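Good morning, and thank you for coming.

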Amino acid sequence: MAGQQQVVSVVIPVYGVEQYLDRCIQSVVEQDYEQLDIVVVDDGSPDGCPELCDEWAARDSRIRVVHKENGGLASARNAGLDIIIGDMVTFVDSDDYVEPNYVSELLHWHEQSKADVVMCSCVHDLEDGSIVADTRSTPEGTMDREEAMIQFLYHLSLAGPVWGKMFDARFFTGEHGIRFHEGLNSEDYYVLTQTFLRMNSIFVRMKPLYHYSIRQGSIAHTNVFNAHSCDEIRISDLCCDYLSRHGYSNRKAMDYFRLQGRADALFNIFQSDAPPAVYRSIARDMRRLLRPVLHDAKVPVLRKAKLIFLSFAPRTYRMLQRLSGDRS
């Protein structure tokens, strides 16, 4: 097991998850690594979550609770980051849960690899009780900054959530501490962009230690078109603008990331009642960004073909996607 001297902060944002919260917090307090700083942020939850948070804090002195007005997931995570005291930090969403050795394994990998960020795999817990394995083909081992940025910007593997990862807490402390962009979904990408640019390396082992709960109506799974349905576009632009301002020079990778952000937005609204004008607007934007990606040797031919199809006929693509069962 990893050395006991390190304190690990665990940030748990809470909103509207009364039926899941006990499972989540219990999985954290029962970790086989005890040096924990557990920061539970009640984001103005309208159910019984605020009381449950306080009850857990009364039972375990490692738990600190922040009660705040509702501001969204990014705001809640930021409120937690404002008060962390750990040497390392990890994020657990309150409808998810972790294996008993989640912290100890990640910390052990950190100490062995000396990487600034470490990452495990997950399993998907469905509402019907079934469990689906993570099928990402993420390279295992240590990646340096540029390797990680390529994996991230080309959506090869590392473009994903902050949960299931452990970070050196120094990324989030001090005057220039990293924070989530508030007011947008897919805010994890913005934090990972900043972290990967600042880090020396990330260590990856695809051992499933995190349980990601997929439930209808969650932020990531809704079939109603709303103000956040196209947030992937805004986030992809924020990420690339940040990289450009801070001297990152791989223009091809950033061009692909911007284009894929728009494709991801289309994939999202395929499941919703979005009006035709939204499809036309995104497709027009994709056509504007398409040319450099078509000349990028790193992008597979099949992916280029799909991006061309999406750019010129997104609603036809959706129809064929539904007929074929393809979701990519």
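How many salt bridges does the rule find across the interface of domain 1 and domain 2? It finds zero, where a salt bridge is a side-chain nitrogen of Lys or Arg within 4 Å of a carboxyl oxygen of Asp or Glu.

This is a predicted model, in which local features need pLDDT of at least 70, side-chain atom pairs count only at pLDDT 80 or more, and totals for chains, interfaces and linings use all residues. Residues are numbered from 1 along each chain as its sequence is written, and side-chain values use heavy atoms, with hydrogens and water left out.

Let me turn to the two domains. Domain 1 covers 8-213 and domain 2 covers 230-324, with bounds from an automatic or database domain assignment. Contact, meaning heavy atoms within 4.5 Å, involves 19 residues from domain 1 and 22 residues from domain 2. Their C-alpha centres lie 27 Å apart.

Together the domains bury about 1,900 Å², with 72% of it on carbon and sulfur atoms; buried area is the accessible area (1.4 Å probe) that two parts lose on being put together, summed over both.

On the side of domain 1 that touches domain 2, the elements giving two or more residues are α5 (145-153) and α6 (188-198). Helices here are DSSP runs of H or I, at least four residues, numbered from the N terminus. Of these elements, α6 gives the most, with six residues.

Thank you for your attention.
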